[in-house]
Amino acid sequence: SVSVLGTVCGPPRSAAVLHAGQDAVYLDLDGACLGVLSSRAVLVPCGVRTQRPRLPALHPGDGATVGGGSIALPGLEVTVTQIIDTTVGVLVADDIASGAHLLRHAVGDRLASAIAELPEDPMRRLAACDSAAVAGLLGFGSGLTPLGDDVLAGWLAAAVATRHPALGALRRRVVRSARQRTTTLSATLLECAACGEGVPQFRNLLRAMATGDPDRVERAVDDLLDIGGTSGSGLVLGALAAVESLQLLSPSLQGASR
């Protein structure tokens with residue numbers, strides 16, 4: 001993305017491996033996360049995709065250098081040659097109501113297990129657009145991207161796409177607390193979501209909602225739910241909460257600025 005390009009093209013800086021696998025290596029660079037991705041990895045907006053089907057075996061704590069347009073890892077140097085758009089589109093007011101209906105229908109009961117894992121009170125607050133929901137969801141759950149964070153990321157990115165009137169309050173609360181309350185990778189992805197950036201599967205879902213095509217929405221939900229153990233479910237749940245909450249607000253608020 002453009003933001004990652006700015007990071008990689010800056011002056012050379014030292015980084016350290018936070019998490020390493022065959023498909024993704026995540027670096028800690030000045031407290032934020034930068035990913036080096038295989039050709040098979042999920043295209044997170046804070047990452048640089050390579051053409052390598054597998055990445056070299058690395059370990060947490062291994063050193064790296066980022067700068068001058070490249071990322072130097074032990075056994076691999078990556079040079080940025082292409083920029084992609086990671087931003088969500090825009091859902092206009094006429095598309096929001098129909099898109100929310102199509103999304104609810106496509107989801108059915110497939111989010112039941114994710115909902116059962118989440119604390120009830122923060123989810124009720126999120127449905128009511130109460131920024132106090134952030135305290136109960138941020139960092140909730142296990143893994144590199146806890147389920148509560150995925151829900152917040154889905155809500156934020158969908159809120160940017162719909163110019164949600166409650167975006168400002170929730171975004172400020174998430175950005176202010178994320179780096180102290182959750183993993184470095186998850187905090188970075190939340191900051192991306194707060195700027196309207198997301199994985200391609202999420203962006204495709206919003207585009208599908210704008211078309212009014214139920215089959216396309218169904219396929220987009222399927223693709224998103226395939227991501228990670230619970231990440232896709234959390235993103236869908238957050239998006240659904242955002243677009244459905246708009247139906248409860250005064251129509252005069254739906255065009256409010258970000």
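Select serine 70 to begin: once its neighbours within four places in sequence are left aside, this residue is in contact (heavy atoms within 4.5 Å) with Val8, Thr65, Glu77, Val78 and Thr79. What you have open is a predicted model, in which local features need pLDDT of at least 70 and side-chain atom pairs count only at pLDDT 80 or more, while totals for chains, interfaces and linings use all residues. Residues are numbered from 1 along each chain as its sequence is written, and side-chain values use heavy atoms, with hydrogens and water left out.

**Around serine 70**

Now colour residues 70–73, which form strand E6, the strand that holds serine 70; helices (H or I, at least four residues) and strands (E, at least two) are DSSP runs, numbered from the N terminus. Serine 70 counts as buried because its relative accessibility is 14%, where buried means under 20% relative accessible area, exposed over 50%, and partly exposed in between, with a 1.4 Å probe and protein chains only. Show the side chains of serine 70 and glutamate 77, and you will find a polar contact of 3.5 Å joining them. A polar contact is a pair of N or O atoms within 3.5 Å; within protein, one must be able to donate a hydrogen and the other to accept it, and residues adjacent in sequence count only if both atoms are side-chain atoms.

Select leucine 27 next, in strand E2, which covers residues 24–29. With 0% relative accessibility, leucine 27 counts as buried. Not counting residues up to four places away in sequence, leucine 27 touches a list of residues that includes Ala15, Val17, Leu34, Val66, Ile71 and Leu73. If you draw a C-alpha to C-alpha distance from leucine 27 to phenylalanine 202, the two are 24 Å apart in space and 175 residues apart in sequence.

Move on to aspartate 30, in the loop between E2 and strand E3 (32–37). Aspartate 30 counts as exposed, at 53% relative accessibility, and its phi is near 55°, a positive value in a residue other than glycine. Most residues other than glycine have a negative phi.

**Cysteine 129**

Cysteine 129 sits in the loop between helix H4 (120–127) and helix H5 (133–137), and at 15% relative accessibility it counts as buried.

**Alanine 158**

Select residues 147–162 to show helix H6, and pick out alanine 158 within it. Alanine 158 counts as buried, with 1% relative accessibility, and, leaving aside its neighbours within four places in sequence, it is in contact with Phe202, Ala239 and Ala242. From alanine 158 to leucine 102 the C-alpha to C-alpha distance is 15 Å, across 56 residues of sequence.

**The whole chain**

Along the principal axes, the C-alpha atoms fill a box of roughly 55 × 35 × 35 Å. Buried residues make up 49% of the 258 residues, and residues 24 or more positions apart account for 64% of the contacts with a separation of 6 or more.
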